[in-house]
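Have the structure open as you read.

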There are 2 protein chains.
Amino acid sequence: MFDVVKRLLVGRPLRSARLGETLLPKRVALAVFCSDPISSVAYATEQIVLVLAAGGLVALRAAPWIGVVVALLLVTVVASYRQTCFAYPSGGGAYVVSRENLGEGAALAAAAALLVDYVMTVAVSVTSGVVAVTSAFPVLSPHAVAIAIGLIVVLALANLRGTKESGRAFAVPTYAFVGLTVLMFVWAGVKAVTVGLPPASTAGLPVPATSGVAGLAMLLLLVRAFASGCTALTGVEAISNGVPSFEKPKARNAAITLTMMGLIAVVLFGGITVLAVALDARALPDGDPSVISQIAVSVFGGGSPVFYLFQAATAAILVLAANTAFNGFPGLASILARDRYLPRQLHNRGDRLVFSNGIVLLAAAAVALIIGFDANLDRLIQLYIIGVFTSFTLSQFGMVRHWQRSLRGSDTGRGGGRSVSDGLGGAERHAIRRSQAINTIGAIFTAVVLVVVFATKVTHGAWLAVVAMVVLFVAMRATNRYYRRVTAEVTPDPDDPAVTLPSRVHAVVLVSRLHKPALRALALARATRPAVLSAVTLNIDDEETRQLRADWEQRAVPVPLTVVEAPYRDLNGPLITYVKQLRAANPQTVFMVFIPEYVVTKWWQQLLHNQSALRFKARLLFTPGVVVVDVPYHLGVGDQGWLGARRGAIMATSAVDPDPEIGATEIRSVR
Amino acid sequence: MFDVVKRLLVGRPLRSARLGETLLPKRVALAVFCSDPISSVAYATEQIVLVLAAGGLVALRAAPWIGVVVALLLVTVVASYRQTCFAYPSGGGAYVVSRENLGEGAALAAAAALLVDYVMTVAVSVTSGVVAVTSAFPVLSPHAVAIAIGLIVVLALANLRGTKESGRAFAVPTYAFVGLTVLMFVWAGVKAVTVGLPPASTAGLPVPATSGVAGLAMLLLLVRAFASGCTALTGVEAISNGVPSFEKPKARNAAITLTMMGLIAVVLFGGITVLAVALDARALPDGDPSVISQIAVSVFGGGSPVFYLFQAATAAILVLAANTAFNGFPGLASILARDRYLPRQLHNRGDRLVFSNGIVLLAAAAVALIIGFDANLDRLIQLYIIGVFTSFTLSQFGMVRHWQRSLRGSDTGRGGGRSVSDGLGGAERHAIRRSQAINTIGAIFTAVVLVVVFATKVTHGAWLAVVAMVVLFVAMRATNRYYRRVTAEVTPDPDDPAVTLPSRVHAVVLVSRLHKPALRALALARATRPAVLSAVTLNIDDEETRQLRADWEQRAVPVPLTVVEAPYRDLNGPLITYVKQLRAANPQTVFMVFIPEYVVTKWWQQLLHNQSALRFKARLLFTPGVVVVDVPYHLGVGDQGWLGARRGAIMATSAVDPDPEIGATEIRSVR
């Protein structure tokens, strides 16, 4: 039943060998990795205008200039990450670059920042997408949380089906949004020249008195507006992280896609900012209607089909922007799990070759965040981008160090791109120096922005994101320590490569009655030829115990029977105590406890058995030096097993070969 | 934590040896076993008056006569059950008597009727007790369901503590009710003679026209009123069931207590009926205020402290009447479980020597009933007493048969009282004939009443109780068939008393890496000297598998390693398939699958391990012919176990003795 639902939702399992098949061509990769940075133009302008409005009309006039600075920053970051694509063709996320060049601490800081930010991306993008919907259909506003959660579930399912299929499904809205936005620019130009553009619906709204804000306060306001506008840069690193998913030549294709993305983002962000200023659109505190939808109303007309199409495309790309995180988070979590910083389960690929556990974890965290913040975009967005710029900065500094090592010929990184270890020619040296220069500019620029963003946002709610990063950082270190301790504990001494037999095995058979399951367990225990073989029973009912003793003697079972008293009728306690006493008396002995157990085929039959074996097994598992042997007896399937007919066979020579048939090391494969 | 709460609520566990200590003196036994029949006088009169009111004032005048018939019936049944006490001193419930004298079908019918009726007793008595509370404090009416559930929980806890303690606690309200009711009679007599008794508050209520009801319709009405009045007889059988709980001489003390109970019930029931008629008290459809509380108002005065005391005593005894069922149900269920008609768990005595599972089951069923019927007494009471009279009738017919056998000297019953098997003297024959005559009258009388009750109640909701009885009957037969099939399957052939060794053991060790847990499992598997020893690993990651092979060869592990491909990364499927294939190829071989398993000490450490061993174990349990050996590795407790230091020891002679040290059958006791 569960399996059928899973197959319907997720699809048939894929063979591991088909992993290579999920590679992406550039046009699909653009949709998969770039919906986040492209879609963020839908709210970046709004965030700038929202902050500036506090400074009155004078401040609002600065919006285009702030837009220019943000666009410049975007170009710088894109240029920087192009270098990463070539240097780390196997995936150059901030974590990988930091770990190889800056050490574990920086790497974990970058990883923590990225993990938190991926969750934020999903929460912010989906919430923003829901705002696009409610801007067009205000009647849906009260159901924002439910819609957002529904969208996250759909996204998670699409990603559980696998990257390629979800990429294909996601290409349409990305290109529709880009196309429709460009169409809006053209339409706006034509309309401005011909009939003239009507101002935005919020153009007449009063702004605070301008006189109060000047000098340092005005500067602070501009800086805060810039910090808010930096949301346009979120998700730029996704491509450098996902280089291995590209078709060959991977690095080159990734770099081209990154450039295309940068171009599209700058054009759209610039155009929307210009239009917002031209139409005098104001941002409302609850973001509804959004600035971009006000522009669309002015350009296309409020009730026109193109307007609704545009809103739909906006909503779609915003929701799909979350998909960038659904690609990034599980991949990063998988690398961290491989490196033993996160639980190993995050490294397992699911039925469809994706990191299913990471996808589910991300969706759950985002849903929790949306419920916790009641799908309030303005509050959610404050938690955003500190993580982005933390990872940007660490990644760029790491790259600077990377090139430095390449020049010294001491680069030991996994990326093989341009990092040749010796015999660097003049042209190569020049290329490396150029790359290093680009990354240095990127590093300085992003570091400054990180300081700005931290200073302006930490009191506006971003402290929560910082706390989450610190907690993650500490948890990852602790996890790693735990795994390393376990590895050290279980790794055998290389000087002692042999398998040593336990010095002494004592087999204990648990019996209640002398029925076939018990006889079978006794037979098996005897077949393992332990140093000591004994049987134990629990005296709950004197009558039953007497019967067992009588049967034991009548059948002349050649095994000593120990009766453990259970004065309080507690099944487990006395037995555990008995086993522990045995073990204390013989600390070098391994105790194999044979438990005869009924196995039934129907659920209601379970109700008719005591399940005491199950509870006893669970308790024994935590008793050191004890090995539990489950001897199942399958009821009703004619499983008579090895209870043969030869009387007294137990007294005769064992039917088991005197020595196991073990030859040299033999390795076979079975499919 | 759970343990502390349990100890607080239930008390310290008691040793099985203290079972004899919970015997009851007569005065406590009366309170424990008789609160049901005594308390039913609180609603029996009301049920008669309620039905009769439909026939107008003429019909109401018949109430005392119906009361007389009910009282006669009560005397007859008490006389009958006195015989049972002597004949079955080890407990003569309807089930036991029917099984020994009438066969399995009758016995199960009686048992099903009793089980349903015990649940009904709890539901009806507690609901009725809540009515006594709400009659005094109408403000509590909306919370009737919650109060009823709370009372059942308290009852269940008191009974989980054990019979004796609960009996002592319950003696006070039983005697208080009896005393206060007798006081009410005296007070009413004094008042009637001196100042005169005011009529009941409902005396003036109009009744339907009397003219319409006459002849056959009137007869039917009287019969229905009688059937409703028979609720006074519920719980009479409790004493005969509980003879073993009495102090010695058990049978005599039980018979005396039964007679006392009959006397008290007849006096109270007669007095209340007389007062109800004298004061012209009418029953209201929702039973609030109840007839008995109207009488108390008239006698004691509405606001007087004695009135509130009387209401409290009424409520208390009604609630405690449910205690009769808490004594009867678990005991009967335990006997049925012993005879394999109900799950064995119902036969286990809990920490306090009571049948805890039966107590919990009864409480749960009663709570479900009260919620389902919204604590509506009028609807609940319709489901009642069919079961009582079914068991009465079967029990009495069984007793008639019992005496018949005693006369023939062929009695094989467990009861040893008067059933002497040969050499019956004349006086003894006379006594038996007298007992048989009493039981015959009882049997005929109760059979007639059963027909009357069934005919008048089955359409008023009692069909639900009948359905429940039939379902229980069928389920008990099915359970017995299942247990008998299992017993037949697991009982060894008496002609082949020896324990035969399995013909061939193949040990399969599951490995993922060549760490200490795996080496330990390999060593243990080898120590059991199987016919074949092999290791198996699952290839999920080619790199890891290559590493394992390299380690295997480097360490020269003298065990062949099989690599099972897992193309879909499913951990369980391929392994289960592999084991099944092995088994299909060697159906005579027993496969011991050794699973190395990490055991951690903290819950969060569980999150950091895959738990694949657990899932694999669960699946393997259902694979016939396979024995699972858990080889735990306790992390972080320095459990280095048997990994000794002697290189190559596995190649040397095993450290295990050549043959287990088995002598003659030896039975030891360990405390």
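The notes below cover a helix pair in chain B, then a helix and a residue in chain A. Keep in mind that this is a predicted model.

## A helix pair in chain B

Let's start with α2(B), residues 26–39, and α12(B), residues 250–279. These two pack with their axes 10 Å apart, at an angle of about 45°. As for handedness, α2(B) and α12(B) make a right-handed crossing.

Who does the touching? On the α2(B) side, the contact is made by B:K26, B:A29, B:L30, B:C34, B:P37 and B:I38. From α12(B) come B:N253, B:I256, B:T257, B:M260, B:M261, B:I264, B:A265 and B:L268. Sorted by class, the contact has 11 nonpolar residues, 2 polar and 1 charged.

## Helix α12 in chain A

Over in chain A, α12(A) runs through residues 250–278, which makes 29 residues. From first C-alpha to last, α12(A) reaches 42 Å, close to the 42 Å expected at 1.5 Å a residue. Just past the end of α12(A), A:D280 takes a positive phi of about 55°.

## A closer look at A:A63

A:A63 sits in helix α5 of chain A, residues 63–87. Is A:A63 buried or exposed? The relative accessible area of A:A63 is 1%, and under 20% means buried, so A:A63 is buried.

Setting aside neighbours within four places in sequence, A:A63 is in contact with A:I48, A:L52, A:T273 and A:V277. A:V51 is 12 residues from A:A63 in sequence, with 9.9 Å between their C-alphas.

Notes:
Residues numbered from 1 in each chain as written. Chains lettered and ligands numbered in written order. Predicted model: local features only at pLDDT ≥ 70, side-chain atom pairs only at ≥ 80, totals over all residues. Heavy atoms only, no water. Axes fitted to C-alpha atoms, helices over the stretch in contact; angles between N-to-C directions. Helix = DSSP H or I, 4+ residues; strand = E, 2+ residues; numbered from the N terminus. Left-handed = near helix turned anticlockwise from the far one by under 90°. Contact = heavy atoms within 4.5 Å. Nonpolar A, V, L, I, M, F, W, Y, C, P; charged D, E, K, R; others polar. Expected span 1.5 Å × (residues − 1). Buried < 20%, exposed > 50% of the residue type's maximum accessible area, 1.4 Å probe, protein only.
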